[in-house]
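The entries go from the overall build to single residues.

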Amino acid sequence: MIKRALLLAAFLAAPLGAQTHPADSVSAERLRGDVEKLVSFGTRHTLSSQTDPERGIGAAVDWGLAEFKRIGAKCGDCLEVLPVSDTITAAPRIPTPTLVRNAVAIQRGTERPNEVVIVQGHIDSRVSGALDFTSDAPGANDDGSGTALVIEAARALSGETYPSTIIYALLSGEEQGLHGGRILADWAEAQGFTVKAVLNNDIVGNSCGKDGYCEPKVVRVFSEGPRADLTDRLRAAQTRFGGENDTPSRNLSRWVAGLAGQHADEMQVRQIWRTDRMGRGGDQVPFLQKGYPAIRFSVGVEDYDHQHQDLRTEDGVFYGDTIDEMDFAYLAGVTKLNVRALDALARAPMPPKVTVDAAVKTYTELRWTPSNGATAFEAWKRPTDQSSWGENPAERLESPDPHVVITGKDFPGIRGDDWIFGVAACAGPYCSPVSSAVPGGAFEPVAR
């Protein structure tokens, strides 16, 4: 017989709050030092030199690889460091065959090494002209900030051991067409990895816009609505059963926002229910196209004078992506949130695949696939027009039995038509994002 209990609010808070967390080691000073080093390469344009030891994308990627190796050496070579690359032969912003190299470090999980969480930022930079690879392009915020965040996350987490694998990635070719993200997504697929989550960090180092409006404690998290790998068959199923607001990426975004809310004095999340900013994109997109859950972190308010700009002063206004326009306390806050998310995701089981049977019934029956490493499951419900899952699950099952019935006796007035249901898998206090019981709600590619 299944043992059931309502989840008390203290359940999540008590085991996690008393001990030092890896996020506490995040240093704004180290983040500044890393961005200063990245700026020192002059330009990191994808078409710049691959061989100059001091200037260009080649020197920058080499430095990223060396930094990962240095970090790994401090934990007994716990990081496998390698370039993941491909030669782009024909693309709108790559006129000649160009090697695109990503710097990657793998922290293997001890129990489920094939189950991975990826944190990434792009290391390349640009100025006003997309093909201008000779002018200085400091790329301090776009995306030296995301690159520094990934490196600092590796420093913070590499001393820990996790059931799942964490992959740290510095991507090239983003400004030329998201090539580094596509290369890494292809590689992850070729490795046969089960991708639990991708955290893409792009422009995460300023707190004020050009108009003086500031948001020093808010980071935006972008998540797709309809899945990028949606098929006609799945679209038809969603028409009948719902699911347009319950993709894995959307539930990953909700989960991150909830995690931030547990630390009210730290960085908070404003969810943006778009794949990216209007008319723009980032390296999370190639992962979404493959059906992997992926979200983008970006500043609460952008400063357009200090991204994708030639270095210049016009009418007394300075333009350019330089380090003096950044807020390193803000970057440290976003980094801490990423570290908290990576730590929890790497400890939590894979979200289960959930189905629901509630048609023409006074009760709701949920079934799901067991998750490796799970010791409990949480059943969640929310009204169809409610944005979040709320604070507490409907039920917590201290049992591996992948089945629960939510009845009108326990929850008067509950009818399946009026609610969205989902299930999270837990290992002790660490619970996965909720996987919604809708067509396309599973944390896996549709094709699988």
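Predicted model: local features only at pLDDT ≥ 70, side-chain atom pairs only at ≥ 80, totals over all residues.

My entries follow, starting with the whole chain.

**Overall build.** I went through the secondary structure and got nine helices and 19 strands. Next I looked up the radius of gyration, which is 22 Å, close to the 22 Å the globule rule gives for 448 residues, so the chain is as compact as a globular protein of that length. I also took the span of the C-alpha trace along its principal axes, about 70 × 45 × 45 Å.

**Contacts and surface.** I checked how far along the sequence the contacts reach. Among those between residues at least 6 apart, 76% join residues at least 24 apart. Of the 448 residues, 58% count as buried. The accessible surface comes to about 17,800 Å², and carbon and sulfur atoms own 52% of that. I looked at charges too: there are 46 positive and 59 negative ones, and their mean positions sit 5 Å apart.

**Cores.** Which residues have the most contacts inside the largest nonpolar core? I found F68, Y168 and F297, in a core of 65 residues. Helix α9, residues 328-347, gives the most to this core, with 12 residues. There is also a second, separate core of 25 residues, and I jotted down I106, I118, L171 and L288 as being among them.

Where is the cis peptide bond? I found it joining D142 and D143, with omega at about 0 degrees. D143 lies in helix α4, residues 140-157.

L178 has one of about 60 degrees, and it is not a glycine. I placed L178 in the loop between β5 (164-171) and α5 (179-190). Is L178 buried or exposed? Its relative accessibility is 18%, and the cut-off for buried is under 20%, so L178 counts as buried.

H308, also not a glycine, has a positive phi near 55 degrees. I located H308 in the loop between β9 (294-299) and β10 (312-314). Its relative accessible area is 26%, so I logged H308 as partly exposed.

**Two loop residues.** D211 sits in the loop between β6 (194-201) and β7 (218-222). With a relative accessible area of 63%, D211 is exposed. I took the C-alpha to C-alpha distance from D211 to E302: 10.0 Å in space, for 91 residues in sequence.

P97 went into the notebook next. I see P97 in the loop between β2 (80-88) and β3 (98-107). Its relative accessible area of 60% makes P97 exposed. What does P97 touch, not counting residues up to four places away in sequence? I got T87, I88 and T89.

Notes. Residues numbered from 1 in each chain as written. Heavy atoms only, no water. Helix = DSSP H or I, 4+ residues; strand = E, 2+ residues; numbered from the N terminus. Rg over C-alpha atoms; globule rule 2.2 N^0.38 Å. Buried < 20%, exposed > 50% of the residue type's maximum accessible area, 1.4 Å probe, protein only. Contact = heavy atoms within 4.5 Å. Areas by Shrake-Rupley, 256 points an atom, 1.4 Å probe, with all protein chains shown as cover. Lys, Arg positive; Asp, Glu negative; His and termini not counted. Charge placed at Lys NZ, Arg CZ, Asp CG, Glu CD. Core = buried A, V, L, I, M, F, W, Y, C linked by side-chain atoms within 4.5 Å.
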